[in-house]
Amino acid sequence: MTAGLEPGGGRIAHARHLTAAFLDRVRDEHGVPVSPRAQQTAVLVVSELVTNAHKYAPGPVLLDLRVTGDAVDVAVWDSDPVLPVARDADPGRVGQHGLEIVRAVADGFEARREGAGKRVVARIRLVEEGGDSAR
């Protein structure tokens, strides 16, 4: 599923809604196991990545969600070619923890220049090994 996100602060909430609905369809219509934890993690990751794109990149933002094997790839493309850099953990810093959070909860992460901008991709396992069962 690929969706263009309209400019404005509402794009973040819209992206979260699209992600939850996509994973519900994957589970309910296609029978793919999706744990509650995976769904919450995917929504969190989308929120952080779209927030970064909204704050730092002028122009359009695209959200791409794809199930690949036992994971969902969350990709956000924006028009700023500057690759994000995760800062070192600093409990005294207020804000700017989004990429740090994404890297901590995702099973895979990459950022690459693509076209006139960049694509940031986080992979989230749909069912945790030995624990979190799908509903």
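Analyst: α1 and α2 make a right-handed crossing. Helices (H or I, at least four residues) and strands (E, at least two) are DSSP runs, numbered from the N terminus.

This is a predicted model: local features need pLDDT of at least 70, side-chain atom pairs count only at pLDDT 80 or more, and totals for chains, interfaces and linings use all residues. Residues are numbered from 1 along each chain as its sequence is written, and side-chain values use heavy atoms, with hydrogens and water left out.

Back to the helix pair. The α1 and α2 axes come within 9 Å and cross at roughly 150°. Axes are lines fitted to C-alpha atoms, for helices over the stretch in contact, with angles from 0 to 180 degrees between N-to-C directions. α1 and α2 are therefore roughly antiparallel. That label applies over 145 degrees; under 35 is roughly parallel, 65 to 115 roughly perpendicular and the rest oblique. On the α1 side, the contact includes Ile-12, Ala-15, Thr-19, Leu-23 and Arg-27. Val-43, Val-46 and Val-50 are among the α2 residues that take part. Contact means heavy atoms within 4.5 Å.

At 12% relative accessibility, Arg-27 is buried. Its salt-bridge partner is Asp-28, with the closest N and O atoms 2.9 Å apart. A salt bridge is a side-chain nitrogen of Lys or Arg within 4 Å of a carboxyl oxygen of Asp or Glu. Asp-28 is exposed, at 55% relative accessible area. Buried means under 20%, exposed over 50%, and partly exposed in between (1.4 Å probe, protein chains only).

Now the other partner of α2. Helix α3 (residues 98–105) packs on α2 at about 150°, with the axes 9 Å apart. α2 and α3 are therefore roughly antiparallel as well. Here the crossing is left-handed. α2 brings Thr-41, Leu-44, Val-45, Glu-48, Leu-49 and Asn-52 to this contact. From α3 come Gly-98, Leu-99, Ile-101, Val-102 and Val-105.

α2 also counts in the core. The largest nonpolar core has 28 residues, and Leu-63 and Val-74 have the most contacts inside it. Such a core is a set of buried Ala, Val, Leu, Ile, Met, Phe, Trp, Tyr and Cys residues joined through side-chain atoms within 4.5 Å. Two or more residues each come from β1 (2–5), α1 (10–30), α2 (36–56), β2 (61–68), β3 (71–78) and β5 (117–125). α2 gives the most, with seven. Take Val-74. Neighbours within four places in sequence aside, Val-74 touches Val-45, Val-46 and Leu-49, among others. Leu-63, Leu-65, Val-120 and Ile-124 are also among its contacts.

One more set of charged pairs. A search of the whole structure gives nine salt bridges. Glu-110, Arg-112, Glu-114 and Arg-119 are linked in a network of them. Glu-110 meets Arg-112 at 3.1 Å, N to O. Arg-112 meets Glu-114 at 3.6 Å. Glu-110 is partly exposed at 40%, Arg-112 at 32% and Glu-114 at 25%.

Glu-6 lies between β1 and α1. At 60% relative accessibility, Glu-6 is exposed. Its C-alpha atom is 7.2 Å from that of Pro-60, 54 residues apart along the chain.

Note on methods: Left-handed = near helix turned anticlockwise from the far one by under 90°.
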